[in-house]
Structure formats: C-alpha cells, structure tokens
Amino acid sequence: MKKRWLLVLFPIFLGSLGCSLFGGSHSPRGSRFIVPERVKSTDITEGSRELLLRENLLEEYEINPESALKKLIARVLKDPKKQEEPRSLFCCAELACAVAERKTPRWNRRPIIYPETENGRWAMFQKDRFLNYLNENEDILTYYGMATYLSYAYLSFAQQKLGTEIYSPRFRRACDIYNYSLSQTIRYSLKRAPRGSNSTSRLDDLQKSANNSFVLVGFEWTPDDVDDLLMAEDYADDEISLKSRRFGLGVPMIGVRYGEGDDRADFYPDVTTFPITALYIPLESYDLEATENQEKIHLVNPWVQDTLEVGESVIPVETDLSTPLAYMLKEAGFDQNILEGYLGGETDFRPEVYLLQPHQPGRIPIVLVHGLLGSPQSWEVFMNGLMDDPWIRQNFEFWFARYPTGKSFLYNARDLRNALRSIRESLDPSDSDPALDHMVLVGHSMGGVLSTLLTHDSGDYFWNMVWDVPIDQLDLSPENRQRVEELFFFDRLPFVDCVVYLATPHRGSPLASRPVGRIASRLIDLPNQSRAWLKEIGDKNQQHAKIRLDEQSFNSTSDLRPDSPPIRALGQLEKPAGVSFHNYAGNIEPPDREGSDGVVPLESATIDWADTQMVVPAKHTEIHSDPDVLRSVKEVLREQAKKLGQSSGMAVSSRSSMPEMGSEVSSQ
C-alpha cells in the first residue's frame, strides 16, 4: 500500500551513511518534560528484540547493532508485507535511534543551544570539540534522521490498525522516538550552521541553510524576525506552577527576536520570544535525481496549531507556551530597573505598552497593567492560566504595560493613555478592526487604579481636589497650561470597554499613610525637567493650590493614602456607560477580623458598582494565580468576545495549517 514511505527511505539508506539528512551535555536549567529518559537509550525494547529474534538478527545485534539495522531494513525493503507491518517499522526506528545514541559521545549527547547575539557574549560550550568530532562521524546525523523518518512512517501506518495499535506501548514510544531524534537533528544543525555576516540569525537563511530547510508555518512573523532559535527544554524550569504545555508530536522551541539597537519601529520588547514547535513531515514522493536535499523542518506556530493529521489519525502537537514567555520576561530586562522606576530622578523611564506578537485582526487585546514596584514579569502565572485555553488563544492576544511606579497616578495615566492611543492608530489607521475597539484592561493593585483613570472621564473632580479656582485664573505659560490640562482633564479611552481589577486599592491603602509609606514617599524623585515646571507653577500659583506643589505631593505613595486628592477624586467618578467592570479582592484574615489581603483592606478592595465581584482567600501577590479568579476571568472574556459577534466556541480552527503544509511540501 504505502510504498511511498519506502521510496523516501530507499535512497536515504543506500546513500552514503556519511551524508547528513539535515543539517551529550546536560541542559543548563532544563527539565525533562519532553522526552522520557528511556528513549535516550542505547538499547531497544523487548518487542523489538523479539522481532530481531524472528529475523535471526538478535545475535548480530548484540555484536554489531549497525550491521543488524542495515540487514533488517534491507529485508523490509524487499518484502511488501513487512513494509505495511507497524512493528517492523517501529523496530527499524527504535534500532536507528539506539545506533545513533551509541555513536554519540557521552560528553555531548545533548548539545545545548545557547543564544547568540551580535557581540558574541554567549559562548558555545565545547563547540570546537563538538564540531571536530561531528565532522568525522556524520553518520550520527543520518541515523537520527532515519529514526525520525521511520517513527513518523510507523505512526502513519499505525492508524490502519488503530483499534489495537494505539493501545500498544510502542505507539507512545514511537512518538517519543520521533520527538527525541528530531530534537537531536535540530540541535546538531543549529550547532553547525554558520551565521550570516550581516545578520544575527543563527542560520544563514531559514529557508535555505547549510543542512536544513526551515519553513515558518502559521506565523505573522517573517524569517527576518527570527534572530535566534533555542530549544525550549534547555530553558524550562522544574517549579510546580501553572504552565501551558501539551504533549504530542514535535519539538518545542523558542524563537527569539532582538530589537535592541535595531532600526525596527515597532511596539515589541528588546527581546521578544514566541513559541515554536518543530515538525518533520516527509515528502510523499522523492526525486532520485535531485542534487539538493528536499526535506524540510516546519517551524509551526503552536499558538494556533493544536493537532497534526498523521494518516487518518489526529495527534496533538507537542507544545510549550510557558518557557518562551518565561525566557522573554527574564531576558528582556523588565525587572532590572524596577527600583529606579520607583525612585525616579534622571533614571526614570516613560510608560510603554508592548505587544508580544504581531497583532492579528479579530483578536482582542488584553492589556496587563502591573502594580507598585512591579513589572510585566508579575503576569507570568496569570498568562499561563489563561493561554492554556485554545479558545482564548484564538480570540485574544496579550499586551504588557510598563511604567515607573513611583510617579503620580496622573502622570502615568496620561502617558499610558497616549501610548495606547498611539498603538491603536498605528495598528489600524483605517479603523477597520473592531477587535481593537473592545480592549480589556487587567490591573493588579495600583495598576487597577490606573485602569480606572483610563476608562473614566475626569470631569472637574481631580481639578477641584487640588485647585480652588478655574484654570483660566492661574498664571500659566502656554506650555505649562497644556501640561496641567493633560494631567487634570481627560476623557476615557473609547476603545476600552472591559476592566478586570485584581486586589486594587480603590480607596487607597493605610500602608501609604504609615511611617514606612511616608519614608518611601520622600525617597521618590522627579526628573529635573518635571521638577522645574512643577516648581514654576507652584511659585506663581501656590495661593490657589489646596496642596503643596512639589514632588512629595505628586508621587504614587502619596497618591495611595486614603485621604489623598486622587483617591478622593476616584471615589466621585461616574461609572461610564458601555464599560463592564469586574472586581476580584483577596482576604486572608479570619472571620473575626477586618478583611485584608495583607496589603489592601477588604473595604478598599471592594466596590459597589462592579458588574462582577468576588472575594477569594488569596494574598495580595498571589491573586493572579487563584483558580476561582482565573475561571471567572475566562467567563468574562467569553462575554467580551460576544461583543464582536463571536460565539463561545472556537473562533478559529486549530487544525487549519497542516493540510497547507502538506501541499506546500509536495509542491517543492
């Protein structure tokens, strides 16, 4: 029947075993969640031994496994019945992987792929030693390639006997062999491939490299955006937490895009990462006269691709969404200047909003706004809890807000308002994408207060809390008048119509009024330029001000006092029509005490105008990962998606790209 598989295998096997089809140390901090240790073995299972015994090759296998493999494959090629027998294909695949493992030196059995940057600050461990060995033993790559191909062929044939074969231990082991041997092939390829002289790309060209053809499938990114490829397994941690992972076929990888020092004008962090699953899909036909390798390794977007069709079976695509996110949150340096952002001064930075992937029309942005002394890194668990749901991945995308947390609410709200407007206009200048008109803000702690300022009209409330006369009666230069108006008078963002509050101090926090809060407030400084214009306004208009106009009155710690002007003004704002608000508060106190999450009193964390309100037994810093909160937020997002006319089911098929891959491969 399916002799086309053997047509591919035949020239591979009869060709020189010194030619690579494509292209062991331990991971620096990897966990072994992808490939069971039993697959990385120089031995084979009892079932394969039994088949070798039936073929009278077991004794030869014990003496010379490579010779036994050659003879077994030769017999399979000659016998049409064996070509359609799953256990024969499985035995060949397992034996090929074991032979490759025997030939691989123990000191480099799992080559680590370190990130490369243009300045070369990341060194390749034992690279020269590895390359010298591989140049003399290229048949290692051939055997790993054979194992990848043969295990895929087995899985394709196994669907013919799905009723029994899928329950066989060799079915799961064949998936593991496929993943492991493909992983090894990619590791060796990325170790060997040169870098372009004018690019930081690990490979000269993702579509035409020295040993492999890599094809991006299902991405909005282009090959030029892929500056580095890393193995997710090398950077995964073993900590028990909420993670987004799926088991199946493929090798989870991390795509890296470097933006630092680049001319790219976009809204991405200096280090942007995205999940990739590498898949090898054999050609259905093989050109015996071809002078170049036609095989391709497909770099699939697991954000949208959940399953793979193998024959008539549907097999999940192996996916790790969590490790690329964790890698980016660490390497992008979000945590490096948290303290500077709080203390301010000349080390201050402007609030920014970052995208994690190119915006796709129809996906609603979820803008995550961190709290005091926080950063985007605080959202890791929350994101893992949500993006594990395929429906959310198909209908939403995540954006990060980042701001200097020592500045006054009014300063940060103004700058975030401008940043979101700028992104909205840049992504959709023709105003044709309705998804961008239904943004969701998720604010934790002080980030929730900022979310209120972004979704409410100011009216005169903030002005009247600070000044006792109208703005026309102040002595202001045109520049200072514009600054004052931007701070105290603002309209809500019309394209945000859903807000999720997590442990938000709607009425302030008593901690800010205590000695530790007052001391912290005195440590905060404004940049010289801001201090200068604030002083100029104060010197000319202090008689009309209800508070001192200095940096001690315009910082976040002062703003968080329950009696501060911004907090009192927030309490008077009118709920805007057409915006839904969902409030989640924590309480870890016993019933006989006033509730609190350890930072924000329950009285301040709850509001009477929320569309959804929930109190959970969670600490202030742990409410992101509370299961009840995550379940409720998912329901909120489903209601939000309905505003676009989407149903609560999958808006985009998660099995859309593999047939396209097949047609693309066969057309090469």
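Visitor: Which ring does Arg-638 lie over?
Guide: Arg-638 lies over the face of Trp-391, at 4.4 Å from the ring centre. A charge sits over a ring if NZ of Lys or CZ of Arg is within 6 Å of the ring centre and within 35 degrees of the ring normal. This is a predicted model: local features need pLDDT of at least 70, side-chain atom pairs count only at pLDDT 80 or more, and totals for chains, interfaces and linings use all residues. Residues are numbered from 1 along each chain as its sequence is written, and side-chain values use heavy atoms, with hydrogens and water left out.

Visitor: And which side chain does Arg-638 meet in a salt bridge?
Guide: That of Asp-389, at 3.6 Å, N to O. The pair links distant parts of the chain, 249 residues apart. Asp-389 is in the loop between α13 (380-387) and α14 (390-395), and Arg-638 is in helix α24 (residues 627-642). A salt bridge here is a side-chain nitrogen of Lys or Arg within 4 Å of a carboxyl oxygen of Asp or Glu. Helices (H or I, at least four residues) and strands (E, at least two) are DSSP runs, numbered from the N terminus.

Visitor: Are Asp-389 and Arg-638 buried or exposed?
Guide: Both are buried. Buried means under 20% relative accessible area, exposed over 50%, partly exposed in between (1.4 Å probe, protein chains only).

Visitor: How many salt bridges in the whole structure?
Guide: The search finds 32. One of them joins Glu-62 and Arg-49, whose closest N and O atoms are 2.5 Å apart. Glu-62 is in helix α3 (residues 58-63) and Arg-49 in helix α2 (residues 46-54), 13 residues apart.

Visitor: How accessible is Glu-62?
Guide: Its relative accessible area is 47%, so Glu-62 is partly exposed. Arg-49 also counts as partly exposed, at 22%.

Visitor: Which side chain does Glu-50 meet in a salt bridge?
Guide: Arg-54, at 3.0 Å, N to O. Both lie in helix α2, 4 residues apart, about one turn of the helix. Glu-50 is partly exposed at 38%, while Arg-54 is exposed at 56%.

Visitor: Which residues are linked in a network of salt bridges?
Guide: Glu-55, Arg-75, Asp-79 and Lys-82.

Visitor: Switching to rings. How many aromatic pairs?
Guide: There are 20 in the whole structure. Take Phe-462 and Phe-490: the ring centres are 5.6 Å apart and the planes are at 45°, so the pair is tilted. Rings of Phe, Tyr and Trp (its six-membered ring) pair if their centres lie within 6.5 Å; planes under 30 degrees apart count as stacked, over 60 as edge-to-face and the rest as tilted.

Visitor: Where are Phe-462 and Phe-490?
Guide: Phe-462 is in helix α17 (residues 461-466). Phe-490 is in the loop between α18 (478-488) and β14 (496-502). Phe-462 is buried at 3% relative accessibility, and Phe-490 is buried at 7%. The charged end of Arg-417 also sits over the ring of Phe-490, 4.2 Å from its centre.

Visitor: Which residues do ring pairs link into a cluster?
Guide: Phe-219, Trp-221, Tyr-268 and Phe-274.

Visitor: Now Glu-397. What is the nearest side chain of opposite charge?
Guide: Arg-363, 4.9 Å away. Glu-397 is buried yet has no salt bridge. For charge, Lys and Arg count as positive and Asp and Glu as negative; His and the chain ends are not counted. Glu-397 is found in strand β12 (residues 396-402).

Visitor: What joins Glu-397 and His-359?
Guide: A polar contact of 2.5 Å between their side chains. That term means a pair of N or O atoms within 3.5 Å; within protein, one must be able to donate a hydrogen and the other to accept it, and residues adjacent in sequence count only if both atoms are side-chain atoms.

Visitor: What is Glu-94 in contact with?
Guide: Leaving aside neighbours within four places in sequence, Ile-44, Thr-45, Ser-48, Arg-173 and Ile-177. Contact means heavy atoms within 4.5 Å. The C-alpha atoms of Glu-94 and Arg-173 are separated by 8.8 Å, and these residues are 79 apart along the chain.
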